[in-house]
Amino acid sequence: MYRYDEFDRKFLAERVAQYRDQVRRRLAGQLSEDEFRSLRLMNGLYLQLHAYMLRISIPYGTLSSAQLRGLAEVARRWDKGYGHFTTRQNIQFNWIKLEETPDILAHLAAVQLHGIQTSGNSFRNITTDPFAGVAGDEIEDPRPYCEIVRQWAALHPEFSFLPRKFKIAINAADADRAAVKIHDLGLYLRRSDRGEIGFAVTVGGGLGRTPILAQTVRDFVPRRELLAYISACLRVYNQYGRRDNLFKSRIKILVQALGIEKMRQEVEDEYAAMGDEREALALPDEAVAAMQAQFAPPAYADAAGDDAELAQAAASEPDFARWIERNTRPHKQAGHASVVISLKPVGRPTGDCSASQMRTVADLADELSFGEVRVTHDQNLVLPHVRKSALYDLWLRLGAGDLATPNIGLASDIIACPGLDYCGLATARSIPVAQALAVHLAGREAAIGPLQIKISGCINACGHHHVGHIGILGLEKNGAESYQITVGGSDGEQAALGGIIGPAVAAHEITATVDRLIDAYLRLRRDGEQFPDTYRRVGLAPFKEALYVAR
Amino acid sequence: MDDPTFKLVTGNRLRDGAVVYFASAGIWTPRIDDARLVEEKDGAALLAEAQAGPPPHPAVGPALIDAVRDGDRVVPATLREKIRASGPTVAYRAA
Ligand code: SF4
């Protein structure tokens with residue numbers, strides 16, 4: 001993992017001291033809310049329905065056990081005992097007191113965590129594959145590049161006042177597990193025919209009011225030119241992105257307005273005009289190698305014999321076998337696996353994790369996963385490197401902490417944003433919808449197979465509903481909650497936006513509606529198909545019809 | 001006929017963000033039942049009164065909302081304000 005150097009530590013300490021003084025002045029009445037708002041937001045502190053909310057950035061979703069313990073302590077000491085992991089691979093604390101925030105930030109700074117750039121028109125947390133560094137289908141570990149881009153982007157003077165927020169995702173495997181196409185800028189790591197490492201660069205993805213998938217601006221940028229090239233992209237956006245209309249300010253609207261051809265031309269012209277600057281921003285091999293050393297794989301044990309042991313344990317215990325099948329993923333290293341810890345126990349709020357659960361996961365990470373934890377954009381956690389011979393013990397211990405629900409990728413593994421139960425921008429609730437659906441569908445989720453249900457409590461789409469196989473958007477209609485349902489979205493390599501199946505439905509109609517959509521899918525699907533495949537083949541009509549006939 | 005709708009002022013307490021309601025000069029209460037209610041036409045005056053006083057103002061973002069009386073209880077008109085008044089509708093995790 002990347003370790004802060006002296007500069008990082010000093011910067012963060014100064015930042016906390018500054019913030020402490022700002023809070024003092026706010027509480028003393030020397031700063032008005034108008035003056036203070038942007039200062040607190042710059043440190044990740046929002047004001048929500050019931051309290052302040054603190055959003056802590058988890059760079060590319062990688063946490064050390066010490067950091068997770070730090071977060072557990074915030075939950076225990078300064079919140080109501082839990083935190084909420086988000087689709088941005090971040091964590092939010094919902095019950096924060098302003099007067100305690102300087103102490104919280106000081107506590108987090110000690111474990112290299114902060115809330116800087118989790119709001120405002122800046123670069124947000126850079127996200128990536130939660131199986132980075134361990135997945136068998138990966139070309140290289142993307143995290144060194146995430147960290148290089150993070151350092152470049154952090155408080156970048158030229159790009160501190162972008163027209164709007166800016167989200168970057170990096171994926172380095174065949175499968176896109178970072179939902180790259182819904183990001184403002186996306187990087188797909190590639191190896192050229194000549195063996196050279198570089199990136200396909202995409203721009204203009206985003207959900208919200210106007211969902212648009214990213215398009216490729218350049219197929220291959222050699223890694224040496226990475227920072228220079230994305231600087232050119234950002235310059236075009238910084239210059240032409242709209243600042244007059246909040247709803248049109250994201251880069252996706254610019255790309256839509258220009259068209260990808262023109263956008264490409266603008267970026268290439270800008271890039272050509274950079275001249276010497278390109279050299280100044282060049283990424284020498286030595287710099288990459290030095291960063292890669294920070295992410296060197298741990299010293300794995302020789303675990304070649306573990307497979308047989310695991311097979312035996314699984315054969316004698318069906319529940320364990322089911323968990324292995326659903327919640328573990330292959331690992332590059334023989335005899336190892338990555339374990340997905342479900343934060344979706346059926347019927348509980350999605351993505352919530354209590355302080356004691358965080359401590360349990362941190363302890364297990366120390367014991368069994370080289371002290372490493374990942375946060376997924378599906379609001380689950382990952383222990384990336386577990387020996388197969390340790391899986392049975394791990395399963396038992398996770399189970400004792402209500403952390404072993406075997407539902408990863410299934411119908412009850414629902415993404416839901418905080419919605420109207422917490423969020424000041426919400427138009428409807430999302431968590432209770434997710435809970436009811438999970439309870440309702442859990443019994444037949446094995447028969448349904450992989451299914452992604454995603455729920456947002458307003459048009460901002462933090463729950464990524466547009467790219468859910470089944471997406472649910474909470475709206476308000478005449479003072480009541482109503483829900484617009486889409487089908488056929490997906491966020492992988494073949495990302496697609498879902499199609500709206502008809503008029504919005506009332507909260508009590510959601511379960512029946514989703515049932516009918518799933519029934520239609522099960523009727524329509526062919527062998528080996530998943531929901532997006534079936535949708536691509538048959539289109540929206542049969543799903544609409546299934547609802548129409550039922551009405 | 002519908003119950004008459006009243007106006008009241010709510011905000012979030014500066015020091016901890018808790019939901020509070022304006023009761024009387026300088027006094028904000030966490031209990032909506034103790035909020036001061038006025039008729040529609042007196043709303044603007046109530047908001048002005050709630051916003052008066054030297055800094056720091058005890059409540060952030062004071063705003064007028066609609067509510068009705070139900071016996072001794074005060075019930076806000078919108079779901080959002082109902083959730084603000086009584087907390088999330090979902091159980092959350094204990095430590
Ligand atoms: S989608 Fe809307 S309701 Fe949900 S967290 Fe985002 S802003 Fe809040």
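Start by selecting T350(A): you'll find this residue in the loop between strand 12 (336-341) and strand 13 (352-354) of chain A. Helices (H or I, at least four residues) and strands (E, at least two) are DSSP runs, numbered from the N terminus. What you have open is a predicted model, where local features need pLDDT of at least 70 and side-chain atom pairs count only at pLDDT 80 or more, while totals for chains, interfaces and linings use all residues. Residues are numbered from 1 along each chain as its sequence is written, chains are lettered from A and ligands numbered from 1 in the order in which they are written, and side-chain values use heavy atoms, with hydrogens and water left out.

Is T350(A) buried or exposed? T350(A) counts as buried, because its relative accessibility is 5%. Buried means under 20% relative accessible area, exposed over 50%, and partly exposed in between (1.4 Å probe, protein chains only).

Now show what touches T350(A). Leaving aside neighbours within four places in sequence, its contacts include H84(A), L343(A), Q379(A) and I414(A). Contact here means heavy atoms within 4.5 Å.

Next stop: helix 3 (residues 65-78) of chain A. Select E73(A) and R76(A), which form a salt bridge with the closest N and O atoms 2.9 Å apart. A salt bridge is a side-chain nitrogen of Lys or Arg within 4 Å of a carboxyl oxygen of Asp or Glu. The two residues, R76(A) and E73(A), are 3 apart in the helix, so about one helical turn separates them.

Hop over to chain B and pick R15(B) and D16(B), whose side chains meet in a salt bridge (3.9 Å, N to O). R15(B) is partly exposed at 38% relative accessibility, while D16(B) is buried at 9%.

Finally, zoom out. Over all chains, the structure holds 52 salt bridges. In chain A, 60% of the 551 residues count as buried, and the secondary structure comes to 19 helices and 21 strands.
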